[in-house]
Amino acid sequence: MRISFSWLKKYVPLADSVTAEEVAEALKLSTVEVEEVEHSGASLVGVVVGRVVSIEKHPKADRLQVCQVSIGKETLQVVCGGSNVREGMDVAFAGVGVSVRWHGEGDPIVLEKTTIRGVDSYGMICASDEIGLLGRFPKKDEKEIVDLTEYHFASGTALAEALCMDDAVFVIDNKSLS
């Protein structure tokens, strides 16, 4: 059986400071065996909604663009190779210090400020497979980035919150309820 932490909080008075792990431990000690606590937005920690405010052709690379991305309180420069990136587009943005799977493969890497062919880049505009959202945002081509424009999210909003993926789910052993 699976129970959402946010759903549980609607019916059980819990302090805002109580974590899903603390509730899981209390359940284990008093009621049922909690096999696991899944955090639905774990791959989205630090990823926010960004808006591409301007795009210029990269001066030294045919397939790259230099984008200015607003993330609410600031605008950052990012070198992007996304096939569908356009001005005014709302995107999934991972800044310096955020972990992503580079091209959706291998272990997560922590993004750092980098220089790509002479142009500074302060993060990345993400494809769905780089942040664990390929099932929700299937790609039409290899270089496609996540397009969030139709959702009208505010720039700077945590993507897990915007997509209602900021929940924990208790995986409970049904046998312990009988």
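Because the structure is a predicted model, local features are reported where pLDDT is at least 70 and side-chain atom pairs where pLDDT is 80 or more, while totals for chains, interfaces and linings use all residues. Residues are numbered from 1 along each chain as its sequence is written, and side-chain values use heavy atoms, with hydrogens and water left out.

The protein contains three helices and 12 strands, where helices (H or I, at least four residues) and strands (E, at least two) are DSSP runs numbered from the N terminus. Its C-alpha atoms fill a box of roughly 65 × 30 × 25 Å along the principal axes. Of the 178 residues, 38% are buried; here buried means under 20% relative accessible area, exposed means over 50%, and partly exposed lies in between, computed with a 1.4 Å probe and protein chains only. The accessible surface amounts to about 10400 Å², of which 51% belongs to carbon and sulfur atoms, with areas taken from the Shrake-Rupley method with a 1.4 Å probe, where for residues only the protein chains shown count as cover. Among contacts (heavy atoms within 4.5 Å) between residues at least 6 apart in sequence, 63% join residues at least 24 apart.

Three strands form an open sheet in the order β1-β12-β2, with antiparallel pairing, two strands being taken to pair if DSSP finds at least two bridges between them. The edge strands, each of which pairs on one side only, are β1 (2-4) and β2 (34-39). From one strand to the next, the twist averages 25 degrees, and for such values axes are lines fitted to C-alpha atoms, for helices over the stretch in contact, with angles running from 0 to 180 degrees between N-to-C directions. Strand β12 (residues 168-172) is joined to β1 by three bridges, the two running antiparallel, and within this pair S4 stands opposite V169 in β12. Helix α2 (residues 20-30) packs on the sheet, touching β2 and β12, and its direction makes about 170 degrees with that of β2.

In α2, the residues A20, V23 and A24 are buried. They lie on the same side of α2 because they cover an arc of only 100 degrees around the axis, the arc being that of the directions from the helix axis to the C-beta atoms. In general, an α-helix has 3.6 residues a turn, so residues three or four places apart point the same way. The buried residues of α2 pack against α1 (5-11), β2 and β12, whereas L29 and S30, on the other side of α2, are exposed.

Residue D120 is found in strand β10 (residues 119-121) and, at 26% relative accessibility, counts as partly exposed. Leaving aside neighbours within four places in sequence, D120 is in contact with Q77, V79, K113, T114 and T115. The C-alpha atoms of D120 and V79 are separated by 7.5 Å, although the two residues are 41 residues apart along the chain. With the side chain of T115, the side chain of D120 makes a polar contact of 2.8 Å, that is, a pair of N or O atoms within 3.5 Å, of which, within protein, one must be able to donate a hydrogen and the other to accept it, residues adjacent in sequence counting only if both atoms are side-chain atoms.

Two histidines have a positive phi although neither is a glycine, with about 55 degrees for H103 and about 60 degrees for H152. H103 lies in the loop between β7 (99-100) and β8 (109-110) and is partly exposed, with a relative accessible area of 44%. H152 is placed in the loop between β11 (123-125) and α3 (159-162) and, at 66% relative accessibility, counts as exposed.
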